[in-house]
Amino acid sequence: MSTLAPRPSTQRMRQLLKTSCEIFQTVFNPDSVRTGNKVLRRKMKGPAVISYYPIESPVKFRHIRAAYPMFEFPNTADEHRVAMNELYVVMSF
């Protein structure tokens with residue numbers, strides 16, 4: 001007849017868990033409280049988000065306009081404003 005060894009006490013198991021966490025550098029959380037470590041362990045999204053957007057060009061439209069003053073560039077914002085005003089007048093009648 002074989003006899004099983006008695007189970008260690010809860011206090012002894014907690015000490016063992018705490019020592020194990022210190023050795024393997026993990027978080028000791030005996031009460032299973034939500035800590036957010038799962039979120040913090042995830043791969044950072046910053047570099048992926050930054051690489052998604054194109055690098056901003058150092059040449060601006062004002063530089064092109066200054067370099068070629070002989071060309072007449074249309075003012076699209078003003079044209080859009082006039083078109084929207086005309087549309088509003090037509091829609092109001």
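These questions and answers cover ring pairs and salt bridges in a predicted model.

Student: How many aromatic pairs does the count come to?
Tutor: Ring centres must lie within 6.5 Å to pair. By this rule the count comes to four.

Student: Is the pair of Y52 and Y53 stacked or edge-to-face?
Tutor: The two ring centres are 5.1 Å apart, with planes at 90°. Planes over 60 degrees apart count as edge-to-face. So the pair of Y52 and Y53 is edge-to-face.

Student: How many residues apart in sequence are the parts that F61 and F73 tie together?
Tutor: The rings of F61 and F73 have centres 5.2 Å apart and planes at 70°, so they pair edge-to-face. F61 lies in helix α4, and F73 in the loop between α4 and α5. The parts tied together are 12 residues apart in sequence.

Student: Which residues do ring pairs link into a cluster?
Tutor: F61 is partly exposed at 43% relative accessibility. F73 is partly exposed too, at 27%. Ring pairs link both into a cluster of F61, Y68, F71 and F73.

Student: Where does the salt-bridge partner of D31 lie?
Tutor: The side chain of D31 meets R14 in a salt bridge, 3.9 Å from N to O. D31 lies in the loop between α1 and α2. Its partner R14 lies in helix α1.

Student: What separates D78 and R81 along helix α5?
Tutor: Their side chains meet in a salt bridge at 2.7 Å, N to O. The two are three residues apart in helix α5. Their separation is therefore about one helical turn.

Note on methods: Residues are numbered from 1 along each chain as its sequence is written. This is a predicted model: local features need pLDDT of at least 70, side-chain atom pairs count only at pLDDT 80 or more; totals for chains, interfaces and linings use all residues. Side-chain values use heavy atoms; hydrogens and water are left out. Rings of Phe, Tyr and Trp (its six-membered ring) pair if their centres lie within 6.5 Å; planes under 30 degrees apart count as stacked, over 60 as edge-to-face and the rest as tilted. Helices (H or I, at least four residues) and strands (E, at least two) are DSSP runs, numbered from the N terminus. Buried means under 20% relative accessible area, exposed over 50%, partly exposed in between (1.4 Å probe, protein chains only). A salt bridge is a side-chain nitrogen of Lys or Arg within 4 Å of a carboxyl oxygen of Asp or Glu.
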